[in-house]
Structure formats: C-alpha cells, structure tokens
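Subject: Structure for you to look at

Hello,

Here is the structure I promised to hand over. Please open it next to this email and follow along.

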Amino acid sequence: MEILNYINGEWIKPDAKEYLDVINPATGAALAKAPLGSKADVAAAAKAAGAAFPAWRQTPVQDRVQYLFKLRDLLKANHDEIARIITDECGKTFGESKGEMVRAIENVEVACGMPHLMKGELVEDIAPGIDELMIRQPVGVCATIAPFNFPGMIAFWYLPYAIAAGNTYIVKPSEKVPMTMQFIFKLIEQVGFPKGVVNLVNGAKEVVDGILEHPAIRAITFVGSTNVAKYIYATAAAHGKRVQAQGGAKNPVIVLPDADMEMATKIVADSAFGCAGQRCLAVSFAVTVAEAHNTFTELICEAASTRVVGYGLDSGVQMGPVISAASKARVEQLIGLGVQEGAAIPVDGRGASVKGYEGGYFVRPTILADVPRGSEIAKTEIFGPVLSLMHVNTVEEAIELANSGQYGNQASLFTTSGNAARRFRYEVQAGNIGINIGVAAPMAFFPFSGWKDSFFGDMHGQSMDAVEFFTQKKVVVERWPKEWSRKF
Ligand code: NAD
C-alpha cells in the first residue's frame, strides 16, 4: 500500500527520501512503507490550509457542522473496516480497535453542537448606553501530532472541534501506523470539505519540526511520550504558538481489603493487559493495602496467566502483540531490570511465541511482585503488559505511594467504602480518576488530560476545553448614546 499525503483536496506523493516499513506486529509481515516526509510537505499543507481559512471561517457554523454529520455517518458505516486496519497495523484486538473508534465518533457528535458551544456572551448597560460582549473566533491553521497506540482516535480529540469552530487543519499520524488515517482521509475526501480545510502530512521528526516552526500554524496539539511532549511544548511556545502536549504515564491502582476482589481483579487485568498495556490510561502498578494483598495477588496472577494472546482478528483473542520488535526487546529488558532490582516474578511473559504467528512481537502478561519502592521499574513507563505489585498497610501510605511518581495521568481505587473513595478522589494527583473503574477514559463531553509530567499546557482535549483551545476570545465594548437615535 502506498502512503500519500492529502493536501488541498489532492493525494500527493510525500517529499520523502527515507521510508519505514509498516509491520503487522502480530505476523511480522510488511504492510506498507511509511514516508518520512519533509518540511516542504508541511509548507504545502500550511499554504493550502491558510488559503482555505478565510472562506471556511465565513461559512456559517451551522453549515460547517453539516460536513461533520456526514463524516460521522461515514465513520459509522466504515467502523469495522477502520477497526480491521487498526488491528493490522497496531496489533490490538478487533474489539479494542472498534472501541477506539466509538470514542472518535462520539467526539464528532459532540463537535456537531458547535453552533451552541461557540456562542459568546453579552452584558448590556455596563454604563448607560454601553454594552460589552465576548465573541469567539477561530485561531487559523491548527495541527495534531499523534502517537502510535490509538491510530484512529487521537486526532478526533481535536480535529472535529477545530474545524467546526472555523479553523483549518493538518494531521500528522505516527509513522508507525499511517494506514488508519490514510483510510479515514478517504472518508474525509468523500465528505467533500472545501479544498485545504483538512490536510494529512506523513512523516516523523522533520515533519514535526516543520509544524512547530511554520509561522502560519497557530495552534498545535501533541500526544505521545513525555520527553517529546516537553520538546513540543517548549518549541511551539518559543515560536509563539498555542500548544497542549499530552505525555506518558505510570498509573497506580489501590486495592483496599473491602473491595469486591473478583470484580477488582477482572477490571485491573483488563486495564493492565488490554491493548497489550500500550494505553496511556493502563494501570501499571497495583498497591494492595493490608489483607487485600494475598487474595488480590493470587487472583491477578491467575488472570494474567490465563489471558488468551494472539492475532487481534482471531476470535477469542484477548490481547495482541506490542508494536514492534524494538518495543518487545525494551519491555523484556525492563522486566529483567525489575528482577535484578529485587522484584519477584510469579508470572513471566518473556520469550512468548504464539502458534501460527511466530514472527509476531508478543509479550505475555507479566506480574512483578514485591517491587521495591524507588526502584527504576517502579518509576519507568513500561508501555507493555506488565503489572507491578506493591504492598502497604494503610490507605495513607497507599495514596502517598500513588502520588510519588513523576506522572499523573490516571489513578484508580477499588473499595466499597464511600469514605475512602472520597478521600482518594480528594488527595490523589492525577487528571483522570477511576473509582472501581480500570480505564477512566472521559467521554467526549468531558475534558481529557493528565497532570504533572503527563501533560504540558492548560486547555485539555475534547469537550468545551477543545472549543476554548481552538477559539480566541475577543471582547468588544460599544457605546450607542440614545441621543444619536434618528427617525427614518
Ligand atoms: P512518541 O513520543 O514516540 O511519538 C509521538 C509522535 O511524536 C509521533 O507522531 C512521532 O512521529 C513524533 N516524534 C517522536 N519522536 C520525536 C522527536 N524526537 N521529535 C519530534 N517528534 C517526534 O510516542 P509513541 O511511542 O508513538 O506513543 C506512546 C507514548 O504516548 C507513551 O508514552 C504513551 O503514554 C503516550 N500517550 C499518551 C497519551 C495521553 O493522553 N497522555 C495518549 C496516548 C499515548
């Protein structure tokens, strides 16, 4: 499959000197070649988006959202096909891929409310005959830089809001998974947006740098690892752009002795091992309190060792591979580091091979127990199907441990005590909190982001935050004295 850019309503060959193989991580088979495009590609997209902006901005908002209604219908009609592509290039199961697109579609639906969402405010008579009003105007050309682990969804945390509010757009998918957006842009082409309103540029660092530096691009959203997020945040700000950057995670779950243990184990296993642990909201270390320890450890080890691993399009498969050979090697090396640092390994997923898919990059679910506090393995984002277990005696210690890391994307608690739940909600330092929930992913009508080193910026993704991010406020004070009134 040839991966092209979509610029000014045309499919264009990227200006690439290098290509990366896009590999099905379950089979090891090459699916496509990802072009590593250039700053010239970004310049072409920015020019097209800049040229499209004045007319798009003047298109009435109720007409702009008609394009989104059509896009939503096309995404729904092609839901299975998109999910199949996601599974092939990213490795997650078909059900997980479908789930990802449910949230993408939901964001389009919420953004269809833009005629209401971007309404301004007016206060009359702040002094006699003087009124003050606030209006929201689009920012201009905006862009999203996406990671590999949600090839379809992430751009939709932003793009529908941006274009409904009158901006024009550039999407830069991860070079590891360019095929999903290639297909989604075929649907965007079918919608018939005016030329240049929505553009696709493929590539890696050079394209990202082109986006960060281009003077016509006014607002940038990024989702990916923390080091790159920091770079994006600092560089975009240095170029005077509006920017928000979502980073990595190391999400804790606390299990109290009064929790429904069967339920807690099932949900924690789904969170830790779903999408092969490659989810920014995946639980990655469990802190058991007092007598929760033995039962939870026994049940979670059982859940980890019985999970069905394989190719995500085969029925009955509960977990796919990690994204690449390099990622498998890194995850296995980190598991080894944990053991060297003193962790026990009651369930060891290293050296996995799945019958019929010997070329795939599988790591089976792994449990590291008695992980020492302050160890590298307790701090590092693994981004694989590995759950670390730690044990404390009190809720206070557990919350303190949950708050001790650099990240703050999600924290979960399993309990039947309202009091403990309230305390946890109040004290825990993370942007997304789950109470008896393992993946606390906000619906599209709530904002999405982490805290601490999981997020750099102010306004978040989705919902009213996205409306705020993609509009700039203008305040007008008007004087219309009565004595100027004329009779016509
Ligand atoms: P990544 O940071 O390697 O890549 C993300 C994007 O940045 C890609 O488009 C890539 O081309 C670009 N990029 C990579 N290195 C770059 C560099 N040096 N300079 C400029 N651009 C660069 O992330 P990934 O491996 O694709 O995704 C996994 C990471 O994303 C994990 O850390 C995960 O926690 C995080 N993530 C966070 C969220 C969130 O909402 N907080 C959501 C999904 C993923």
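The domain bounds used here come from an automatic or database domain assignment. With that in mind, the chain splits into domain 1 (5-247 + 454-476) and domain 2 (251-435). Keep in mind that this is a predicted model.

**The two domains**

Start with the overall layout. The centres of domain 1 and domain 2, taken over C-alpha atoms, are 31 Å apart. In the contact, domain 1 takes part with 23 residues and domain 2 with 25 residues. Together the two domains bury about 1900 Å² between them. Of that area, 63% is on carbon and sulfur atoms.

Now look at the side of domain 1 that touches domain 2. Helix H3 (79-90) and helix H4 (94-111) are the elements that give two or more residues to that side. H3 gives the largest share, five residues. By type, the residues on that side of domain 1 are eight nonpolar, nine polar and six charged.

**Salt bridges**

The structure as a whole holds 24 salt bridges. Here are some to find on screen.

- Lys13 pairs with Glu2, and their closest N and O atoms are 3.1 Å apart. Lys13 lies in the loop between strand E2 (10-12) and strand E3 (18-23), and Glu2 in the segment before strand E1 (5-7), so the pair ties together parts that are eleven residues apart in sequence. Is Lys13 buried or exposed? Lys13 is at 54% relative accessibility, so it counts as exposed, the cut-off being over 50%.
- Lys172 and Glu175 form a salt bridge through their side chains, at 3.4 Å from N to O. Lys172 has a relative accessible area of 3%, so it is buried, which means under 20%.
- Lys473 meets Glu468, with the closest N and O atoms 2.9 Å apart. Glu468 has a relative accessible area of 19%, so it also falls under the 20% cut-off and is buried.

**Single residues to check**

Two residues have a positive phi without being glycine. Asp370 has a phi near 50 degrees, a positive value in a residue other than glycine. Asp370 sits in the loop between strand E15 (366-369) and helix H13 (376-379). Gln462 has a positive phi of about 65 degrees, and it is not a glycine. You will find Gln462 in the loop between strand E21 (455-456) and helix H16 (463-469). At 1% relative accessibility, Gln462 counts as buried.

Last, find Thr394. It lies in the loop between strand E16 (386-392) and helix H14 (395-402). Thr394 is partly exposed, with a relative accessible area of 29%. How far apart are Thr394 and Ile170? They are 224 residues apart in sequence, and 49 Å apart in space, C-alpha to C-alpha.

Best wishes

Note on methods. Residues numbered from 1 in each chain as written. Predicted model: local features only at pLDDT ≥ 70, side-chain atom pairs only at ≥ 80, totals over all residues. Heavy atoms only, no water. Contact = heavy atoms within 4.5 Å. Buried area = accessible area lost by both parts, 1.4 Å probe. Helix = DSSP H or I, 4+ residues; strand = E, 2+ residues; numbered from the N terminus. Nonpolar A, V, L, I, M, F, W, Y, C, P; charged D, E, K, R; others polar. Salt bridge = Lys/Arg side-chain N within 4 Å of Asp/Glu carboxyl O. Buried < 20%, exposed > 50% of the residue type's maximum accessible area, 1.4 Å probe, protein only.
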